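Hi,

Here is the model I said I would pass on. Have a look at it first, and my notes come after.

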Amino acid sequence: MKAEEKYTDAELIAAISAGKDLNTAIRSIYRQHSEAVSSFVIHYGGSEQDADDIFQETVVAFIDIVKKGKYRMEASIRTFLASIARNYWFNELKKRGRSGHRDRQFEMGRDQDEADVSHHIAELERKRQLRELVEQLGESCRKVLLLFYYENLSMKEIVNHLPYENEQVVRNKKYKCLQQLTDLIKANPAIARQMQETLK
Amino acid sequence: MTPEETRLLIDHLDETLTGTRNAGLDRLLEEDPEAAQEWQYLGLAVEAVKAEGLHAQVASVRAAWKAEDAGLRIAAVPETVPPAKATVHRLYKKYGLRAAACVLIVASSAFLYKYLSVSSQSLYDRYYSTYELNTSRGAGDERPVVKAYDAKDWSAVLSIAGSAKNKDNQAEFLSGIADLQLKKYDDAISHFEQIIAVNTIGGTDYYQDEAEYYLAISWLAMHKVNEAMPILEKIRSDAHHQYHEKVAKMSFFDLRLAQFKENK
(Lines give C-alpha, C1' and ligand atoms only; values in the text may rest on other atoms or scores of the structure.)
Protein backbone atom coordinates (compact mmCIF):
# COMPACT_ATOMS: atom_id res chain seq x y z
CA MET A 1 0.00 0.00 0.00
CA LYS A 2 1.33 3.44 -0.87
CA ALA A 3 1.37 5.39 2.36
CA GLU A 4 1.20 8.91 0.95
CA GLU A 5 -1.53 7.96 -1.55
CA LYS A 6 0.07 9.90 -4.38
CA TYR A 7 0.49 7.95 -7.52
CA THR A 8 1.96 8.72 -10.89
CA ASP A 9 -0.42 7.93 -13.75
CA ALA A 10 1.40 4.69 -14.50
CA GLU A 11 1.37 3.60 -10.84
CA LEU A 12 -2.32 4.33 -10.57
CA ILE A 13 -3.15 2.29 -13.67
CA ALA A 14 -1.00 -0.57 -12.37
CA ALA A 15 -2.71 -0.48 -8.95
CA ILE A 16 -6.21 -0.51 -10.43
CA SER A 17 -5.34 -3.21 -12.95
CA ALA A 18 -3.90 -5.41 -10.20
CA GLY A 19 -7.06 -4.84 -8.15
CA LYS A 20 -5.08 -4.72 -4.92
CA ASP A 21 -5.76 -2.05 -2.35
CA LEU A 22 -8.33 -0.41 -4.57
CA ASN A 23 -9.51 1.86 -1.74
CA THR A 24 -6.12 3.58 -1.63
CA ALA A 25 -6.12 4.03 -5.39
CA ILE A 26 -9.63 5.52 -5.34
CA ARG A 27 -8.68 7.87 -2.51
CA SER A 28 -5.65 8.93 -4.51
CA ILE A 29 -7.86 9.75 -7.52
CA TYR A 30 -10.05 11.89 -5.27
CA ARG A 31 -7.09 13.64 -3.68
CA GLN A 32 -5.24 14.33 -6.92
CA HIS A 33 -8.02 15.01 -9.40
CA SER A 34 -11.42 15.69 -7.88
CA GLU A 35 -11.05 19.44 -7.48
CA ALA A 36 -9.80 20.11 -11.00
CA VAL A 37 -12.30 17.80 -12.65
CA SER A 38 -15.28 18.95 -10.58
CA SER A 39 -14.58 22.55 -11.48
CA PHE A 40 -15.63 21.75 -15.07
CA VAL A 41 -19.05 20.73 -13.88
CA ILE A 42 -19.44 23.78 -11.69
CA HIS A 43 -18.24 26.00 -14.53
CA TYR A 44 -20.99 24.59 -16.74
CA GLY A 45 -23.80 25.29 -14.32
CA GLY A 46 -23.62 22.35 -11.91
CA SER A 47 -23.88 22.63 -8.16
CA GLU A 48 -21.21 21.28 -5.82
CA GLN A 49 -23.45 18.26 -5.22
CA ASP A 50 -23.74 17.72 -8.98
CA ALA A 51 -19.95 17.96 -9.26
CA ASP A 52 -19.51 15.42 -6.45
CA ASP A 53 -21.99 13.00 -8.02
CA ILE A 54 -20.57 13.37 -11.51
CA PHE A 55 -17.04 12.84 -10.22
CA GLN A 56 -18.12 9.68 -8.41
CA GLU A 57 -19.66 8.30 -11.62
CA THR A 58 -16.52 9.35 -13.47
CA VAL A 59 -14.28 7.43 -11.07
CA VAL A 60 -16.49 4.35 -11.37
CA ALA A 61 -16.34 4.55 -15.17
CA PHE A 62 -12.59 5.15 -15.15
CA ILE A 63 -11.87 2.13 -12.92
CA ASP A 64 -14.12 -0.02 -15.07
CA ILE A 65 -12.33 1.09 -18.22
CA VAL A 66 -8.90 0.45 -16.69
CA LYS A 67 -9.90 -2.95 -15.30
CA LYS A 68 -11.03 -3.99 -18.75
CA GLY A 69 -7.68 -2.87 -20.18
CA LYS A 70 -9.34 -0.27 -22.37
CA TYR A 71 -7.42 2.75 -21.09
CA ARG A 72 -4.73 3.46 -23.65
CA MET A 73 -2.74 6.15 -21.78
CA GLU A 74 -2.80 8.44 -24.80
CA ALA A 75 -3.92 11.29 -22.56
CA SER A 76 -3.09 11.96 -18.92
CA ILE A 77 -5.46 10.54 -16.35
CA ARG A 78 -6.64 14.02 -15.44
CA THR A 79 -7.51 14.81 -19.07
CA PHE A 80 -9.27 11.50 -19.44
CA LEU A 81 -11.25 11.96 -16.23
CA ALA A 82 -12.19 15.48 -17.29
CA SER A 83 -13.41 14.16 -20.64
CA ILE A 84 -15.59 11.54 -19.00
CA ALA A 85 -16.94 14.03 -16.48
CA ARG A 86 -17.76 16.62 -19.11
CA ASN A 87 -19.51 14.12 -21.36
CA TYR A 88 -21.41 12.68 -18.46
CA TRP A 89 -22.47 16.13 -17.29
CA PHE A 90 -23.58 17.04 -20.81
CA ASN A 91 -25.76 13.94 -20.91
CA GLU A 92 -27.14 14.81 -17.50
CA LEU A 93 -28.04 18.31 -18.70
CA LYS A 94 -29.81 16.83 -21.71
CA LYS A 95 -31.76 14.53 -19.39
CA ARG A 96 -32.75 17.50 -17.28
CA GLY A 97 -33.92 19.29 -20.42
CA ARG A 98 -31.45 22.13 -20.07
CA SER A 99 -30.00 22.15 -23.59
CA GLY A 100 -29.68 25.90 -23.70
CA HIS A 101 -27.00 28.33 -24.71
CA ARG A 102 -24.59 27.17 -22.02
CA ASP A 103 -24.76 23.61 -23.30
CA ARG A 104 -24.24 24.63 -26.91
CA GLN A 105 -21.22 26.53 -25.69
CA PHE A 106 -20.10 23.36 -23.96
CA GLU A 107 -20.63 21.28 -27.10
CA MET A 108 -18.46 23.69 -29.08
CA GLY A 109 -15.78 23.41 -26.41
CA ARG A 110 -15.53 19.65 -26.71
CA ASP A 111 -12.36 18.41 -28.29
CA GLN A 112 -11.46 15.22 -30.07
CA ASP A 113 -10.40 13.40 -26.87
CA GLU A 114 -13.81 14.00 -25.40
CA ALA A 115 -15.60 12.67 -28.45
CA ASP A 116 -13.52 9.51 -28.03
CA VAL A 117 -14.89 8.83 -24.57
CA SER A 118 -18.54 9.24 -25.59
CA HIS A 119 -18.94 5.50 -26.16
CA HIS A 120 -17.78 4.93 -22.59
CA ILE A 121 -20.59 7.22 -21.46
CA ALA A 122 -23.18 5.02 -23.16
CA GLU A 123 -21.65 2.07 -21.31
CA LEU A 124 -21.84 4.03 -18.06
CA GLU A 125 -25.54 4.65 -18.61
CA ARG A 126 -26.13 0.95 -19.28
CA LYS A 127 -24.30 0.06 -16.06
CA ARG A 128 -26.42 2.57 -14.16
CA GLN A 129 -29.58 0.85 -15.40
CA LEU A 130 -28.21 -2.50 -14.32
CA ARG A 131 -27.25 -1.14 -10.89
CA GLU A 132 -30.77 0.11 -10.37
CA LEU A 133 -32.03 -3.44 -10.84
CA VAL A 134 -29.60 -4.77 -8.23
CA GLU A 135 -30.92 -2.14 -5.85
CA GLN A 136 -34.42 -3.51 -6.38
CA LEU A 137 -33.36 -6.81 -4.83
CA GLY A 138 -33.79 -7.24 -1.11
CA GLU A 139 -30.83 -6.38 1.08
CA SER A 140 -30.09 -10.03 1.85
CA CYS A 141 -29.95 -10.95 -1.87
CA ARG A 142 -27.86 -7.92 -2.71
CA LYS A 143 -25.42 -8.83 0.04
CA VAL A 144 -25.03 -12.49 -0.94
CA LEU A 145 -24.44 -11.60 -4.58
CA LEU A 146 -21.97 -8.81 -3.75
CA LEU A 147 -19.99 -11.01 -1.38
CA PHE A 148 -19.75 -13.77 -3.96
CA TYR A 149 -19.34 -11.93 -7.25
CA TYR A 150 -17.69 -8.66 -6.18
CA GLU A 151 -15.77 -9.54 -3.01
CA ASN A 152 -15.00 -13.00 -4.43
CA LEU A 153 -15.65 -14.66 -1.07
CA SER A 154 -16.14 -18.41 -0.90
CA MET A 155 -19.39 -19.94 0.34
CA LYS A 156 -17.62 -20.81 3.58
CA GLU A 157 -16.53 -17.22 4.10
CA ILE A 158 -20.03 -15.93 3.31
CA VAL A 159 -21.48 -18.17 6.04
CA ASN A 160 -19.33 -16.20 8.50
CA HIS A 161 -20.73 -12.90 7.24
CA LEU A 162 -24.42 -13.68 6.97
CA PRO A 163 -26.98 -15.39 9.17
CA TYR A 164 -27.22 -18.62 7.23
CA GLU A 165 -26.74 -22.03 8.72
CA ASN A 166 -24.34 -23.58 6.25
CA GLU A 167 -22.77 -23.33 2.82
CA GLN A 168 -25.62 -25.17 1.10
CA VAL A 169 -28.15 -22.64 2.40
CA VAL A 170 -25.99 -19.81 1.05
CA ARG A 171 -25.58 -21.61 -2.27
CA ASN A 172 -29.36 -22.01 -2.62
CA LYS A 173 -29.87 -18.39 -1.65
CA LYS A 174 -27.37 -17.27 -4.26
CA TYR A 175 -29.06 -19.33 -6.99
CA LYS A 176 -32.43 -17.79 -6.15
CA CYS A 177 -31.04 -14.27 -5.95
CA LEU A 178 -29.21 -14.51 -9.26
CA GLN A 179 -32.34 -15.87 -10.92
CA GLN A 180 -34.38 -13.08 -9.34
CA LEU A 181 -31.96 -10.52 -10.76
CA THR A 182 -32.03 -12.21 -14.17
CA ASP A 183 -35.83 -12.01 -14.12
CA LEU A 184 -35.63 -8.28 -13.33
CA ILE A 185 -33.25 -7.80 -16.26
CA LYS A 186 -35.56 -9.73 -18.61
CA ALA A 187 -38.48 -7.61 -17.47
CA ASN A 188 -36.62 -4.37 -18.19
CA PRO A 189 -37.60 -3.36 -21.73
CA ALA A 190 -34.55 -1.20 -22.46
CA ILE A 191 -32.04 -3.81 -21.37
CA ALA A 192 -33.96 -6.69 -22.95
CA ARG A 193 -33.98 -4.75 -26.25
CA GLN A 194 -30.22 -4.17 -26.06
CA MET A 195 -29.78 -7.86 -25.35
CA GLN A 196 -31.90 -8.91 -28.34
CA GLU A 197 -29.85 -6.63 -30.59
CA THR A 198 -26.65 -8.15 -29.25
CA LEU A 199 -27.91 -11.65 -29.96
CA LYS A 200 -28.96 -10.86 -33.54
CA MET B 1 -34.97 -24.04 -19.50
CA THR B 2 -35.68 -26.16 -16.44
CA PRO B 3 -34.60 -24.83 -13.03
CA GLU B 4 -32.01 -27.61 -12.91
CA GLU B 5 -30.53 -26.53 -16.26
CA THR B 6 -30.41 -22.93 -15.08
CA ARG B 7 -28.61 -24.05 -11.93
CA LEU B 8 -26.08 -25.89 -14.04
CA LEU B 9 -25.55 -22.79 -16.15
CA ILE B 10 -24.94 -20.78 -12.97
CA ASP B 11 -22.43 -23.39 -11.78
CA HIS B 12 -20.77 -23.21 -15.19
CA LEU B 13 -20.65 -19.41 -14.91
CA ASP B 14 -19.12 -19.70 -11.43
CA GLU B 15 -16.60 -22.20 -12.81
CA THR B 16 -17.49 -24.77 -10.17
CA LEU B 17 -18.11 -27.63 -12.61
CA THR B 18 -15.44 -30.01 -13.79
CA GLY B 19 -14.56 -32.11 -16.82
CA THR B 20 -17.33 -33.64 -18.87
CA ARG B 21 -20.11 -31.52 -17.35
CA ASN B 22 -18.34 -28.40 -18.59
CA ALA B 23 -17.96 -29.84 -22.08
CA GLY B 24 -21.64 -30.86 -22.08
CA LEU B 25 -22.75 -27.37 -21.16
CA ASP B 26 -20.50 -25.80 -23.78
CA ARG B 27 -22.24 -28.01 -26.36
CA LEU B 28 -25.65 -27.06 -24.99
CA LEU B 29 -24.79 -23.37 -25.30
CA GLU B 30 -23.72 -23.84 -28.90
CA GLU B 31 -26.76 -25.85 -29.93
CA ASP B 32 -29.63 -24.46 -27.85
CA PRO B 33 -30.52 -20.77 -28.53
CA GLU B 34 -32.68 -20.64 -25.40
CA ALA B 35 -29.77 -21.78 -23.25
CA ALA B 36 -27.48 -19.31 -25.01
CA GLN B 37 -29.90 -16.49 -24.25
CA GLU B 38 -30.21 -17.51 -20.59
CA TRP B 39 -26.43 -17.62 -20.41
CA GLN B 40 -26.26 -14.04 -21.71
CA TYR B 41 -28.79 -12.88 -19.13
CA LEU B 42 -26.90 -14.58 -16.31
CA GLY B 43 -23.70 -12.91 -17.48
CA LEU B 44 -25.50 -9.58 -17.49
CA ALA B 45 -26.74 -10.21 -13.94
CA VAL B 46 -23.20 -10.86 -12.73
CA GLU B 47 -22.03 -7.74 -14.56
CA ALA B 48 -24.77 -5.78 -12.77
CA VAL B 49 -23.62 -7.07 -9.38
CA LYS B 50 -20.01 -6.15 -10.12
CA ALA B 51 -21.09 -2.67 -11.24
CA GLU B 52 -23.06 -2.25 -8.02
CA GLY B 53 -20.09 -3.44 -5.97
CA LEU B 54 -17.67 -1.01 -7.59
CA HIS B 55 -20.15 1.83 -7.25
CA ALA B 56 -20.66 1.08 -3.56
CA GLN B 57 -16.91 0.90 -2.97
CA VAL B 58 -16.26 4.24 -4.67
CA ALA B 59 -19.17 5.80 -2.75
CA SER B 60 -17.70 4.56 0.51
CA VAL B 61 -14.24 5.96 -0.23
CA ARG B 62 -15.84 9.20 -1.40
CA ALA B 63 -17.64 9.56 1.95
CA ALA B 64 -14.45 8.89 3.87
CA TRP B 65 -12.48 11.28 1.71
CA LYS B 66 -15.08 14.03 2.14
CA ALA B 67 -14.92 13.58 5.91
CA GLU B 68 -11.14 13.71 5.82
CA ASP B 69 -11.18 16.75 3.56
CA ALA B 70 -13.66 18.55 5.82
CA GLY B 71 -11.51 17.72 8.84
CA LEU B 72 -8.40 19.10 7.19
CA ARG B 73 -10.22 22.30 6.25
CA ILE B 74 -11.32 22.77 9.87
CA ALA B 75 -7.76 22.26 11.05
CA ALA B 76 -6.12 24.42 8.40
CA VAL B 77 -8.27 27.54 8.26
CA PRO B 78 -7.68 30.02 11.10
CA GLU B 79 -10.29 32.61 12.00
CA THR B 80 -10.15 35.83 10.01
CA VAL B 81 -8.11 38.56 11.67
CA PRO B 82 -9.73 42.03 11.21
CA PRO B 83 -7.63 44.58 9.31
CA ALA B 84 -5.41 46.64 11.59
CA LYS B 85 -5.19 50.41 11.62
CA ALA B 86 -2.01 51.89 10.17
CA THR B 87 -0.64 53.13 13.50
CA VAL B 88 -0.66 49.76 15.11
CA HIS B 89 -0.38 47.75 11.93
CA ARG B 90 2.97 46.17 12.77
CA LEU B 91 1.89 45.35 16.30
CA TYR B 92 -1.34 43.85 15.08
CA LYS B 93 0.52 41.90 12.43
CA LYS B 94 2.90 40.50 15.02
CA TYR B 95 0.16 39.52 17.46
CA GLY B 96 -2.23 38.66 14.65
CA LEU B 97 0.19 36.09 13.35
CA ARG B 98 0.65 34.73 16.85
CA ALA B 99 -3.11 34.59 17.31
CA ALA B 100 -3.50 32.87 13.95
CA ALA B 101 -0.80 30.41 14.94
CA CYS B 102 -2.59 29.80 18.25
CA VAL B 103 -5.91 29.29 16.47
CA LEU B 104 -4.21 26.93 14.06
CA ILE B 105 -2.61 25.00 16.92
CA VAL B 106 -5.88 24.86 18.85
CA ALA B 107 -7.83 23.84 15.75
CA SER B 108 -5.20 21.26 14.82
CA SER B 109 -5.15 19.92 18.37
CA ALA B 110 -8.93 19.79 18.42
CA PHE B 111 -8.96 17.91 15.16
CA LEU B 112 -6.16 15.60 16.31
CA TYR B 113 -8.05 14.93 19.54
CA LYS B 114 -11.21 14.28 17.57
CA TYR B 115 -9.34 12.05 15.15
CA LEU B 116 -7.75 10.02 17.94
CA SER B 117 -10.82 9.81 20.14
CA VAL B 118 -13.41 8.91 17.52
CA SER B 119 -13.68 5.20 16.87
CA SER B 120 -16.45 2.80 16.05
CA GLN B 121 -16.33 1.62 19.67
CA SER B 122 -16.72 5.16 21.04
CA LEU B 123 -19.60 5.72 18.61
CA TYR B 124 -21.22 2.49 19.73
CA ASP B 125 -20.90 3.57 23.37
CA ARG B 126 -22.39 6.94 22.48
CA TYR B 127 -25.36 5.69 20.48
CA TYR B 128 -26.28 2.38 22.01
CA SER B 129 -29.17 2.39 24.45
CA THR B 130 -31.15 -0.58 25.64
CA TYR B 131 -34.36 -1.19 23.77
CA GLU B 132 -37.49 -0.63 25.84
CA LEU B 133 -40.52 -2.69 24.91
CA ASN B 134 -43.36 -0.27 24.30
CA THR B 135 -46.72 -0.66 26.01
CA SER B 136 -48.62 -1.98 23.03
CA ARG B 137 -46.13 -4.77 22.66
CA GLY B 138 -45.16 -5.27 26.28
CA ALA B 139 -48.09 -4.56 28.56
CA GLY B 140 -49.96 -7.63 29.68
CA ASP B 141 -47.91 -9.82 27.42
CA GLU B 142 -47.55 -13.17 29.07
CA ARG B 143 -44.95 -14.52 26.70
CA PRO B 144 -42.05 -15.96 28.70
CA VAL B 145 -39.48 -14.34 26.42
CA VAL B 146 -41.04 -10.91 27.02
CA LYS B 147 -41.17 -11.52 30.77
CA ALA B 148 -37.50 -12.50 30.77
CA TYR B 149 -36.66 -9.42 28.71
CA ASP B 150 -38.57 -7.13 31.06
CA ALA B 151 -36.66 -8.71 33.95
CA LYS B 152 -33.41 -8.00 32.04
CA ASP B 153 -32.52 -11.68 32.34
CA TRP B 154 -30.56 -11.79 29.08
CA SER B 155 -29.48 -15.42 29.35
CA ALA B 156 -33.08 -16.46 29.92
CA VAL B 157 -34.19 -14.46 26.88
CA LEU B 158 -31.69 -16.34 24.72
CA SER B 159 -32.54 -19.68 26.23
CA ILE B 160 -36.33 -19.25 25.86
CA ALA B 161 -36.13 -17.82 22.34
CA GLY B 162 -33.57 -20.44 21.33
CA SER B 163 -35.75 -23.33 22.42
CA ALA B 164 -38.90 -22.00 20.75
CA LYS B 165 -40.10 -24.13 17.86
CA ASN B 166 -41.23 -21.21 15.71
CA LYS B 167 -39.21 -18.17 16.56
CA ASP B 168 -41.01 -15.01 15.41
CA ASN B 169 -39.44 -11.62 14.76
CA GLN B 170 -40.11 -10.39 18.29
CA ALA B 171 -38.25 -13.30 19.87
CA GLU B 172 -35.51 -12.89 17.27
CA PHE B 173 -35.21 -9.19 18.01
CA LEU B 174 -35.19 -9.58 21.80
CA SER B 175 -32.49 -12.23 21.37
CA GLY B 176 -30.47 -9.72 19.37
CA ILE B 177 -30.73 -7.11 22.10
CA ALA B 178 -29.88 -9.72 24.75
CA ASP B 179 -26.77 -10.62 22.75
CA LEU B 180 -25.82 -6.93 22.56
CA GLN B 181 -26.16 -6.70 26.33
CA LEU B 182 -23.91 -9.72 26.69
CA LYS B 183 -21.47 -8.21 24.15
CA LYS B 184 -22.03 -11.13 21.74
CA TYR B 185 -22.12 -8.79 18.77
CA ASP B 186 -21.72 -11.44 16.07
CA ASP B 187 -24.77 -13.28 17.36
CA ALA B 188 -26.73 -10.04 17.63
CA ILE B 189 -26.00 -9.28 13.96
CA SER B 190 -27.26 -12.73 12.96
CA HIS B 191 -30.56 -12.13 14.75
CA PHE B 192 -31.13 -8.69 13.23
CA GLU B 193 -30.19 -9.86 9.73
CA GLN B 194 -32.50 -12.82 10.12
CA ILE B 195 -35.43 -10.45 10.82
CA ILE B 196 -34.60 -8.40 7.75
CA ALA B 197 -34.30 -11.55 5.64
CA VAL B 198 -37.62 -12.91 6.92
CA ASN B 199 -39.35 -9.60 6.20
CA THR B 200 -37.79 -9.40 2.75
CA ILE B 201 -38.95 -12.87 1.82
CA GLY B 202 -42.39 -12.55 3.40
CA GLY B 203 -43.05 -8.92 2.41
CA THR B 204 -43.64 -8.05 6.08
CA ASP B 205 -42.13 -5.34 8.28
CA TYR B 206 -42.53 -6.69 11.81
CA TYR B 207 -39.62 -5.28 13.87
CA GLN B 208 -37.98 -4.17 10.61
CA ASP B 209 -37.09 -0.63 11.72
CA GLU B 210 -35.80 -1.82 15.07
CA ALA B 211 -33.70 -4.53 13.42
CA GLU B 212 -32.18 -2.09 10.94
CA TYR B 213 -31.19 0.42 13.61
CA TYR B 214 -29.74 -2.12 16.01
CA LEU B 215 -28.00 -3.92 13.15
CA ALA B 216 -26.14 -0.69 12.35
CA ILE B 217 -25.31 -0.23 16.04
CA SER B 218 -24.03 -3.82 16.20
CA TRP B 219 -21.75 -3.23 13.20
CA LEU B 220 -20.30 -0.25 15.06
CA ALA B 221 -19.61 -2.53 18.02
CA MET B 222 -17.82 -4.87 15.61
CA HIS B 223 -15.65 -1.96 14.37
CA LYS B 224 -17.23 -2.20 10.93
CA VAL B 225 -18.36 1.32 10.15
CA ASN B 226 -18.43 0.48 6.44
CA GLU B 227 -21.27 -1.93 7.14
CA ALA B 228 -23.10 0.46 9.47
CA MET B 229 -22.96 3.56 7.26
CA PRO B 230 -25.29 2.50 4.41
CA ILE B 231 -27.92 1.45 6.95
CA LEU B 232 -27.63 4.68 8.94
CA GLU B 233 -27.74 6.75 5.75
CA LYS B 234 -30.84 4.87 4.63
CA ILE B 235 -32.53 5.57 7.97
CA ARG B 236 -31.49 9.22 7.88
CA SER B 237 -32.98 9.67 4.42
CA ASP B 238 -36.26 7.99 5.38
CA ALA B 239 -38.39 10.47 7.35
CA HIS B 240 -40.91 7.73 8.13
CA HIS B 241 -38.39 5.40 9.70
CA GLN B 242 -39.01 4.83 13.38
CA TYR B 243 -35.38 5.70 14.18
CA HIS B 244 -35.09 8.60 11.74
CA GLU B 245 -34.90 11.32 14.41
CA LYS B 246 -32.40 9.40 16.47
CA VAL B 247 -30.13 8.84 13.48
CA ALA B 248 -30.58 12.42 12.23
CA LYS B 249 -29.09 13.61 15.52
CA MET B 250 -25.99 11.45 15.10
CA SER B 251 -22.72 13.08 14.10
CA PHE B 252 -22.11 11.85 10.57
CA PHE B 253 -18.83 13.72 10.61
CA ASP B 254 -17.65 11.47 13.45
CA LEU B 255 -19.04 8.40 11.72
CA ARG B 256 -17.21 9.23 8.51
CA LEU B 257 -14.06 9.97 10.43
CA ALA B 258 -14.28 6.53 12.05
CA GLN B 259 -14.99 5.06 8.61
CA PHE B 260 -11.92 6.78 7.21
CA LYS B 261 -9.78 5.40 10.04
CA GLU B 262 -11.20 1.96 9.44
CA ASN B 263 -10.41 2.10 5.72
CA LYS B 264 -6.83 3.25 6.23
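Below is what I found in it.

Some housekeeping first: this is a predicted model, where local features need pLDDT of at least 70, side-chain atom pairs count only at pLDDT 80 or more, and totals for chains, interfaces and linings use all residues. Residues are numbered from 1 along each chain as its sequence is written, while chains are lettered from A and ligands numbered from 1 in the order in which they are written.

Chain A to begin with. It has 10 helices and zero strands, taking helices (H or I, at least four residues) and strands (E, at least two) as DSSP runs, numbered from the N terminus. Of the 200 residues in chain A, 36% are buried; buried means 20 or more other C-beta atoms within 10 Å of the residue's own, exposed means 12 or fewer, and partly exposed is in between, with C-beta atoms placed from the backbone. Contacts here mean C-beta atoms, placed from the backbone, within 7 Å. If you take the contacts in chain A between residues at least 6 apart in sequence, 58% join residues at least 24 apart.

Now the interface. On the chain B side 32 residues are in contact with 33 residues of chain A. The elements of chain B giving two or more residues to that side are α1 (3-13), α3 (33-76) and α10 (185-202), and α3(B) gives the most, with 22 residues. By class, the chain B side has 16 nonpolar, 10 polar and six charged residues. For the classes, Ala, Val, Leu, Ile, Met, Phe, Trp, Tyr, Cys and Pro count as nonpolar, Asp, Glu, Lys and Arg as charged, and the others, Gly among them, as polar.

Within chain B, the axes of α8(B) and α9 (residues 169-181) come within 9 Å and cross at roughly 145°. Those axes are lines fitted to C-alpha atoms, for helices over the stretch in contact, with angles from 0 to 180 degrees between N-to-C directions. W154(B), V157(B), L158(B) and A161(B) in α8(B) meet A171(B), L174(B), S175(B), A178(B) and Q181(B) in α9(B). That contact has seven nonpolar, two polar and no charged residues.

One backbone detail to check: N152(A) is not a glycine, yet has a positive phi of about 55°. N152(A) sits in the loop between α7 (139-150) and α8 (155-161) of chain A, and counts as exposed because it has 10 C-beta neighbours inside 10 Å. In chain B, K152(B) has a positive phi near 55°, and lies in the loop between α7 (144-150) and α8 (154-163). K152(B) is exposed, with 11 other C-beta atoms within 10 Å.

Cheers

Conventions: Contact = placed C-beta atoms within 7 Å.
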